[in-house]
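Please take a first look at the chain shown here. The report that follows goes from the whole chain to single residues.

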Amino acid sequence: MTPRNAKRAVDGVLLLDKPIDLSSNRALQAVRRLYGAAKAGHTGTLDPRATGLLVVVLGEATKFAGALLGADKAYDATVQLGVTTSTGDGEGEVLSVRDPDVSPAALGRAVASFVGEIDQVPPLYSALKKDGKPYYAYARAGQQVARSARKVVVHALTVRSFDGRSIALEAHVGTGTYLRALAEDIGARLGCGGHLAALRRTQVGPFRLADAFRLADLEAMGPEALTESLRPVDELLQGLPRINLDATASLRFTHGQAVELPPRGNSGEIRGDARVYGADGTFFGRGRAVDGWLHPDRLVAAITSRQEPDASCGTP
């Protein structure tokens, strides 16, 4: 790979530590230019004022970006009590200011009440759509739009610090949970209002911010270091069971044909989606196991996996 030249086939996953005041799309395009990638995408938007983990997918990895769209996420969030805004964060117009009188005990009870499955009304400034138009477009036009509450899951909320006005929270949430709405709801529950003052994403599914690269560091890298910064495509599917095919089954599978799955002993028969590899560790893509047969689902160009085989199937 020769980065920064004409667009080419570049395959892999990049963990990016997105800086503040940069949209996810602008960050994506910057990465795409650095690698000279013909195809690029990401697995979930971060607001421009938010920082942290953005999982960028290049080339063949774009075929599996959807695998992380429903993944759990973790954040470090700062909630400012006593001030409400039109957007639910620090960018909006200030709507009200109150002097919060909140004890640590009251805060603990309020925060605990939002753990589990909750009903959440999404923010007006969000990308959710009504009649094909995103909510934020209505908001920018000064129009009100009815928003229905949705079921979301908050796995854990931990108060890291509290000074009477500012709450430092660690949040582990399911897909579709808005931290801006959560900040507003916590403030409302405490009777003083509040907004999301800062947000940093620390985890997306199995990927962690600690392993991410800053854009400035990537820009200073040479071609070899840039290549080494990419993770293999199959890491996007690491939560799926792995199946290894022998040479005969590999040939059939990579030509779009289903192959028979032999019994797997005590581990039981695989059902549903699986990662599929050749006997030499070459990653073929995603297959679907149904009634003892493995059907090709999404195939990629030959990419060598860095993982060791742990199962085998195919025609002996």
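## Terms and overall build

A residue is called buried under 20% relative accessible area, exposed over 50%, and partly exposed in between, using a 1.4 Å probe and protein chains only. This is a predicted model, in which local features need pLDDT of at least 70, side-chain atom pairs count only at pLDDT 80 or more, and totals for chains, interfaces and linings use all residues. Residues are numbered from 1 along each chain as its sequence is written, and side-chain values use heavy atoms, with hydrogens and water left out.

The chain has seven helices and 19 strands. Both are DSSP runs numbered from the N terminus: helices are H or I with at least four residues, strands are E with at least two. The C-alpha trace spans about 75 × 50 × 40 Å along its principal axes. Of the 316 residues, 45% are buried. Contact means heavy atoms within 4.5 Å. Among contacts with a separation of 6 or more, 69% are between residues 24 or more positions apart.

## The nonpolar cores

In soluble globular proteins, nonpolar side chains tend to be buried together. A nonpolar core here is a set of buried Ala, Val, Leu, Ile, Met, Phe, Trp, Tyr and Cys residues joined through side-chain atoms within 4.5 Å. The largest core has 27 residues. Leu 157, Leu 169, Leu 179, Ile 186 and Leu 190 touch the most other members. Two or more residues each come from S4, helix H2 (104-112), strand S10 (150-162), strand S11 (166-173), H4 and S12. A second, separate core holds 20 residues, including Leu 15, Leu 53, Phe 207 and Val 233.

Leu 190 is in contact with Leu 81, Val 102, Ala 106, Leu 107 and Ala 110, leaving aside its neighbours within four places in sequence. In H4, the buried residues are Leu 179, Arg 180, Ala 181, Leu 182, Ala 183, Ile 186 and Gly 187. They pack against S4, H2, strand S7 (116-120), S10, S11 and S12. After H4 comes Gly 191, with a positive phi near 80°.

## The largest pocket

A pocket is found on a 1 Å grid over the protein atoms alone: it is an open set of points where a 1.4 Å probe fits, with protein on both sides within 12 Å along at least five of seven lines, and its lining residues have an atom within 4 Å of a point. Points are joined across faces, edges and corners, and the volume is the space filled by probe spheres set on them. The largest pocket holds about 1300 Å³. It is lined by 38 residues, and Thr 45, Leu 46, Asp 47, Tyr 178 and Arg 180 are the closest to its centre. Strand S4 (73-81), helix H3 (135-140), helix H4 (179-189) and strand S12 (194-204) each give two or more residues to the lining.

S12 gives the most, with five residues. The lining divides into 17 nonpolar, 12 polar and nine charged residues. Here Ala, Val, Leu, Ile, Met, Phe, Trp, Tyr, Cys and Pro count as nonpolar, Asp, Glu, Lys and Arg as charged, and the others, Gly among them, as polar.

## Single residues and their contacts

His 42 sits in strand S2 (residues 40-42). Its relative accessible area is 22%, so it is partly exposed. Leaving aside neighbours within four places in sequence, His 42 is in contact with Ser 24, Leu 28, Leu 54, Val 55, Val 56, Val 57 and Ala 65. Its side chain reaches the backbone nitrogen of Gly 44 at 3.2 Å.

Glu 235 lies in the loop between helix H6 (223-228) and strand S15 (242-245). Glu 235 counts as buried because its relative accessible area is 17%. A polar contact is a pair of N or O atoms within 3.5 Å; within protein, one must be able to donate a hydrogen and the other to accept it, and residues adjacent in sequence count only if both atoms are side-chain atoms. Such a contact, at 3.0 Å, joins the side chains of Glu 235 and Arg 231.

## Positive phi in two loops

Most residues other than glycine have a negative phi. Asp 21 has a positive phi, near 65°. Asp 21 is in the loop between strand S1 (12-18) and helix H1 (24-35). At 48% relative accessible area, Asp 21 is partly exposed.

Asp 291 also has a positive phi, near 50°. Asp 291 lies in the loop between strand S18 (282-290) and strand S19 (293-304). Is Asp 291 buried or exposed? Asp 291 is exposed because its relative accessibility is 72%.
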